[in-house]
Amino acid sequence: MKSKGKFIVILTLLLGILAGCGGGNSTANSGNSQSGTAADPATTGTETAAANAGGKTTVQFWHSLGGKNGEYMDALIQRFNESHNDIEVVGTYQGGYDETVTKLQQAVASNTAPDVSMLERAYVLMFADSDVLEDLTPFMEKSGLSANDFTSGLMGHSYFNDKLVSLPLNRSTPILHINKSMLDELGLAVPTTWEELKTVANALVVKEGKEVTRYGLSMPYDTWYPIAMISQSGGKFFNDENTSTGFIDNGIGKEVFSYLKDLQGTGALYYPPAQDSGNIVNSMFVEGKIGMMFQSTGSIGGLSSSVDFDYVTAFLPKKDVYANPTGGANVALMAGSSNKEAAWEFIRWMETDPQGGLQFILQSGYLPFTKKMVESPEIQDLWAKEPNRKVAYDQLQYAIDTNNDVAWPEVMHEFFSTIEAIMYDSQDIQAALDAFNKETERILAE
């Protein structure tokens, strides 16, 4: 009952978020907002997933990829269908990550869920806690696969109660994007530490009177980047017992936000409006109005084809240690599917066949999620030609996801409010964090 109650609470919360902001990806994958026309979940559920007129088993697959990435996913599905005579996958774009989650919750409640669904990685545990995701372990064993076949830094949200409930798909990580030409003009090196980042960011500032015309650093409005900085300071988002936060009582939270506010105060940091923040900072970076930015690996392709300066990427600068969260989505098999074998064949093919996910990764720029992908000539050639993309994979050795809890989606909503209070309204940092800590403890205790 507790799990179902939490499920309903998050559904109500997400409906409120979507009503207030018009949908989109408020979860941790900035720079990867999707576009397209979302389907009505009532018309795309498993009730249509029986064998079709051609004798094929139909597998319904919901995803959150619009625009170019949606085209790449459509091509992947077409390749699968052309290579399988007995299965037909119907892929349906359901909107951004939050919209997909909301529709999936509604579909589960009405028994119209798809066979397979993409899930933003932070929502996987919430669905698993409600017993609506299939344990993939027996399917993996039957196919001769194991968790060791996958990129370890991307498996942090794949397990729940010793069950393998999802596998990585379109995954990303935040990295530092740099206008190297701008740094070279001033004789500045790419920063590797917070102290160096502060020095370089301030050195890049250009002002006309009191107006800042060029900023040193920016980042989208998101929980991703503060969580990265908390981890770089040796903190954890939740404590080891998952009863409270792990970065407020020890002073790490105040240190992180004080650092950001200090940069904001000198003009070194441009903190964008919440609405469309990823596109805003990307545009400013391309236009030379920002010298560096924390942003998703998913932005590399678009930036590379748009900039007219020497553009490089680097690890997020460290404080005490290198550390970075991961983002993007996993793929899961729904427990209510009546076509599990066919659905698993699609997942298996997508994850491991050279014509499946590998082609999608090459086209989209997301991180390779299996060891064979990483070792493939195609990925190795890509990295040789575009070293900016390899930086993200190399940084996975420092991947850490400390917001791992079924209550994260609800806590995330409160953390966004805290970020707004500090970064937009300049409220007292410690007071805002203490209020957040109290609310987090209440949510975790439910």
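Biologist: Which residues of helix 3 are buried?

Modeller: This is a predicted model, in which local features need pLDDT of at least 70, side-chain atom pairs count only at pLDDT 80 or more, and totals for chains, interfaces and linings use all residues. Residues are numbered from 1 along each chain as its sequence is written, and side-chain values use heavy atoms, with hydrogens and water left out. Buried means under 20% relative accessible area, with a 1.4 Å probe and protein chains only. The buried residues of helix 3 are Tyr97, Asp98, Thr100, Val101, Thr102, Lys103, Leu104, Gln105 and Ala107.

Biologist: How far does helix 3 reach from its first C-alpha to its last?

Modeller: Helices here are DSSP runs (H or I, at least four residues), as are strands (E, at least two), numbered from the N terminus. Helix 3 covers residues 97-109, which is 13 residues. The expected span is 1.5 Å times one less than the number of residues.

Biologist: What kind of aromatic pair do Phe237 and Trp408 form?

Modeller: Rings of Phe, Tyr and Trp (its six-membered ring) pair if their centres lie within 6.5 Å; planes under 30 degrees apart count as stacked, over 60 as edge-to-face and the rest as tilted. Tyr215 and Tyr270, for instance, are a tilted pair, at 5.0 Å centre to centre and 50 degrees between the planes. Tyr215 lies in strand 9 and Tyr270 in strand 12, so that pair ties together parts 55 residues apart in sequence. For Phe237 and Trp408 the centres are 5.1 Å apart and the planes at 90 degrees, so the pair is edge-to-face.

Biologist: How many residues apart are Phe237 and Trp408?

Modeller: Phe237 is buried, with a relative accessible area of 0%, and Trp408 is buried at 2%. Phe237 sits in strand 10 (residues 236-238) and Trp408 in helix 17 (residues 408-423). The pair links distant parts of the chain, 171 residues apart.

Biologist: Which helix gives the most to the lining of the largest cavity?

Modeller: Helix 15 (377-385) and helix 16 (387-395) each supply at least two lining residues. With 3 residues, the one that gives the most is helix 15.

Methods. Buried < 20%, exposed > 50% of the residue type's maximum accessible area, 1.4 Å probe, protein only.
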